[in-house]
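Me: I'm new to reading structures and would like a close look at one part of this one. Could you take me through it slowly?

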Amino acid sequence: MLALRSLHLLNQEPLVRHSHKATAEEPRTLLTMTSQTSIWKNMSPKEKLQLFTATIRQARELKRIGIRLRNPQSSPEQVEKELARIWLHARP
């Protein structure tokens, strides 16, 4: 349910407030955010879901790689168990 709420929030227009002087980098950043928002709005729900699931898969794989780097002696089962513990915010 939280994921669906997050997807809904991504459909909103970006809210940008500046309390300091604008730099040369900020207009380009705002333009990039605006173009990304328009791309997102033009995507079908199926495309949005595919992008969301691909991002989740990539995040899990990056975490899995990090676990392997920290514990090179761990078996694949131990790596998956640690990944599940971290992913589900479980305590050891």
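Before we zoom in, how many contacts beyond four places in sequence does the model have for residues 12-16, where pLDDT stays under 50?

Reply: What you see is a predicted model, and for residues 12-16 it has 6 contacts beyond four places in sequence. The pLDDT there stays under 50. For the protein chain as a whole, the mean pLDDT is 77, with 65% of the residues at 70 or more. Residues 1-10 also have a pLDDT below 50, and that stretch makes 4 contacts beyond near neighbours in sequence.

Now for the close-up. One partner is Glu61: the two side chains meet in a salt bridge, 2.6 Å from N to O. Both sit in helix α3, which covers residues 45-70. They are 3 residues apart, and that is about one turn of the helix.

The other link to follow goes from Arg64 to Glu80, where the closest N and O atoms are 2.6 Å apart. Here Glu80 belongs to helix α4 while Arg64 belongs to helix α3, so this pair ties together parts that are 16 residues apart in sequence.

Are these residues buried or exposed? Arg64 counts as buried because its relative accessibility is 13%, under the 20% cut-off. Glu61 counts as partly exposed, at 32%, and Glu80 is also partly exposed, with a relative accessible area of 34%.

Glu82 pairs with Arg85, their closest N and O atoms being 2.7 Å apart. Both lie in helix α4, 3 residues apart, or about one turn. Glu82 is partly exposed at 24% relative accessibility, and Arg85 is partly exposed at 25%. A search of the whole structure turns up 3 salt bridges.

Finally, follow helix α4, residues 76-87, to Trp87. Trp87 counts as partly exposed, with 32% relative accessibility. Together with Ile56 and Leu88, Trp87 forms a nonpolar patch on the surface, with about 290 Å² of accessible area between the three of them.

Conventions:
Residues are numbered from 1 along each chain as its sequence is written. This is a predicted model: local features need pLDDT of at least 70, side-chain atom pairs count only at pLDDT 80 or more; totals for chains, interfaces and linings use all residues. Side-chain values use heavy atoms; hydrogens and water are left out. pLDDT is the predictor's confidence in each residue, from 0 to 100. Contact means heavy atoms within 4.5 Å. Patches are made of residues with over 30% relative accessible area and no salt bridge: like charges are joined within 9 Å, nonpolar side chains (Val, Leu, Ile, Met, Phe, Trp, Tyr) within 5 Å. Accessible areas come from the Shrake-Rupley method with a 1.4 Å probe; for residues, only the protein chains shown count as cover. A salt bridge is a side-chain nitrogen of Lys or Arg within 4 Å of a carboxyl oxygen of Asp or Glu. Helices (H or I, at least four residues) and strands (E, at least two) are DSSP runs, numbered from the N terminus. Buried means under 20% relative accessible area, exposed over 50%, partly exposed in between (1.4 Å probe, protein chains only).
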